[in-house]
Each structure stands twice: as structure tokens, then as C-alpha cells.
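Please look over the sequence and the structure below. The paragraphs after them go from single residues to the whole chain.

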Amino acid sequence: MLLVNHWVDGDDPGRPDADAVNREPVLLAHLRRCEQAGLTPTFLATDFTTIGDLVPTVATLNAQRSRSPR
């Protein structure tokens with residue numbers, strides 16, 4: 001199992017920052033970098049989980065993985 005920490009960076013991270021980094025393209029880029037290194041993310045931890053595209057992005061990834069052969 002692999003936990004990916006996807007935190008908001010900066011000296012004073014807040015909701016506006018989360019709105020930028022919790023978008024699908026940013027989340028997917030982070031997870032794809034893990035996959036390219038041979039690691040399959042199992043869990044994704046973020047700040048401000050209700051901001052951005054976290055839930056739909058994870059749902060899409062789960063659906064893709066459930067359809068792919070193991």
C-alpha cells in the first residue's frame with residue numbers, strides 16, 4: 001500500500017492554494033509520477049479535501065483500475 005501526501009505548500013497555505021493544487025490535472029500529474037516510478041498509489045492524503053477535484057479524480061482512477069486486468 002502506498003500513501004501519497006499531496007499537501008498545500010507555502011508559508012501560509014490556505015483555501016485559495018488548495019483550489020489550485022487539488023484540481024484534477026495537478027492531482028493526476030502527482031499520481032502518474034508515482035506510477036512512472038513503479039509505485040501504485042493506494043491512498044491519497046490532501047489538505048482541504050472538500051476543495052477541488054479530489055473525489056471525482058479518485059473515483060475516475062478507481063473506475064479505471066477496476067476495469068484493467070491485474
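Thr 57 counts as buried because its relative accessibility is 2%, where buried means under 20% relative accessible area, exposed over 50% and partly exposed in between (1.4 Å probe, protein chains only). The model is a predicted one, in which local features need pLDDT of at least 70, side-chain atom pairs count only at pLDDT 80 or more, and totals for chains, interfaces and linings use all residues. Residues are numbered from 1 along each chain as its sequence is written, and side-chain values use heavy atoms, with hydrogens and water left out.

Thr 57 sits in helix H3, residues 54–67; helices (H or I, at least four residues) and strands (E, at least two) are DSSP runs numbered from the N terminus. Apart from neighbours within four places in sequence, Thr 57 is in contact (heavy atoms within 4.5 Å) with Glu 24, Leu 27 and Leu 28. Arg 67 also belongs to helix H3, but Arg 67 is exposed, as its relative accessible area is 63%.

Next come the strands. In a regular strand the side chains alternate between the two faces of the sheet. E1 runs parallel to strand E2, residues 43–46, and four bridges join them. His 6 has Thr 46 in E2 as its bridge partner.

Over the whole protein there are three helices and two strands, in the order β-α-α-β-α from the N terminus. Of the 70 residues, 24% are buried.

Key
Pairing = 2+ DSSP bridges.
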